[in-house]
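Have the coordinates open as you read along.

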Amino acid sequence: MSQALKESILSDNNLSHRSTKFSQTAKLKSERSFNFWQKSLKRSIPIASAAIALSVSVILPSEASTISYSGDTTNAPTFNRPETEGFEGGTNPPTSLSSNGTAVPYYSQLFLVDTTGSYDVVGSQDFLGIQFLYQNSFNPTTPLDNLLSGNDPFPDEGTSGFSGLNLTANNQYFLVTTGFDNSNNSFGTFTNTITGPGNITLVFEPSSISVPEPSSIASTVAFGIFGSSFILKRKLKKLKSVN
């Protein structure tokens, strides 16, 4: 056999060996890539579940039995408040209008409860404060309508509120904070605290804050995770076809 023929055969063998080795290396890389994406997809499932759980746990309202808010009746709208049973000797609920507080500033706060039961309201004012509670609606031009209770003061000056209010779930209640008479000592800052067996929600009108529903946020998170999983599946399918 000639030397040229031997060299040609040897060259062909080397080329075949390199081709086989390259093919095996490419296959190994492909398998590693496939295993990587497969593991990534498997890992994404518990992470996705945790993400949904975390999102829902953050956005769902917590069960709170106490809530507080503050306000200021300085330069607030005025009304002729109902007569109270404190210094004025009226009835509770009031049935007539006050002759002392004919133009007193007021602050009305709408709230709801999700559990029927007994609730307490404690208000702290830096003025001679009075509280009134209305159900369903409050109209300052007809302050005796829908009036459930009035208190002046409780238990002493600078503190007014209610004890043992029987509130019904999902009804609208309006807590009106106002002053005793038309003097400069009948308006200012205050803090009200409502306590009871159920979740208490303050409603501000008009609301300047828009909070997405828990279901909407959870759906958005789930859709994003589904999209990521779909991309991973396409990559795995492509890798399989290469193999």
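Y69 is buried, with a relative accessible area of 6%; here buried means under 20% relative accessible area, exposed over 50% and partly exposed in between, using a 1.4 Å probe and protein chains only. This is a predicted model, in which local features need pLDDT of at least 70 and side-chain atom pairs count only at pLDDT 80 or more, while totals for chains, interfaces and linings use all residues. Residues are numbered from 1 along each chain as its sequence is written, and side-chain values use heavy atoms, with hydrogens and water left out.

Y69 sits in strand β1. Helices (H or I, at least four residues) and strands (E, at least two) are DSSP runs, numbered from the N terminus. Leaving aside residues up to four places away in sequence, Y69 touches Y107, Q109, L175, F190, T191, N192, I194 and L202, where contact means heavy atoms within 4.5 Å. One of these, Q109, is 40 residues from Y69 in sequence, and the C-alpha atoms of the two are 9.3 Å apart.

**The open sheet**

Strand β1 belongs to an open sheet of four strands in the order β1-β9-β4-β7, with antiparallel pairing. Two strands pair if DSSP finds at least two bridges between them. At the edges are β1 (66-72) and β7 (159-167), each of which pairs on one side only. From one strand to the next, the twist averages 15 degrees; axes are lines fitted to C-alpha atoms, for helices over the stretch in contact, and angles run from 0 to 180 degrees between N-to-C directions. Within this sheet, β4 (residues 117-125) and β9 (residues 189-195) are joined by six bridges and run antiparallel. G123 has N192 in β9 as its bridge partner.

How many residues of strand β8 are buried? Seven of the seven in this strand (residues 173-179) are. In a regular strand, side chains alternate between the two faces of the sheet. In β8, Y173, L175, T177 and G179 point one way and F174, V176 and T178 the other, and all are buried. Both partners of β8 described here are antiparallel to it, as the table shows.

| Strand pair | Bridges | Residue opposite in β8 |
|---|---|---|
| β3 (residues 104-113) and β8 | six bridges | F111 opposite Y173 |
| β5 and β8 | seven bridges | Q131 opposite T177 |

**Side chains that meet**

S149 touches N92, P93, P94, Q131, F132, L133 and F162, not counting residues up to four places away in sequence. With N92, the side chain of S149 makes a polar contact to the side chain at 3.2 Å. Such a contact is a pair of N or O atoms within 3.5 Å; within protein, one must be able to donate a hydrogen and the other to accept it, and residues adjacent in sequence count only if both atoms are side-chain atoms. S149 is buried, with a relative accessible area of 9%.

The count of salt bridges comes to one, the rule being a side-chain nitrogen of Lys or Arg within 4 Å of a carboxyl oxygen of Asp or Glu. R81 forms a salt bridge with E88, and their closest N and O atoms are 3.0 Å apart. Are these residues buried or exposed? R81 counts as buried at 0% relative accessibility, and E88 is buried at 15%.

**Aromatic pairs**

A search of the whole structure gives eight aromatic pairs. Rings of Phe, Tyr and Trp (its six-membered ring) pair if their centres lie within 6.5 Å; planes under 30 degrees apart count as stacked, over 60 as edge-to-face and the rest as tilted. F79 and F138 form an edge-to-face pair, 5.9 Å centre to centre with 85 degrees between the planes. F79 lies in strand β2 (residues 78-79) and F138 in the loop between β5 (129-135) and β6, so the pair ties together parts 59 residues apart in sequence. Both F79 and F138 are buried. Ring pairs also link F79, Y106, Y134 and F138 into a cluster.

**The chain as a whole**

The secondary structure comes to two helices and 10 strands, and from the N terminus on the elements run α-β-β-β-β-β-β-β-β-β-β-α. Of the 243 residues in the chain, 31% are buried. Among contacts with a separation of 6 or more, 81% come from residues 24 or more positions apart.
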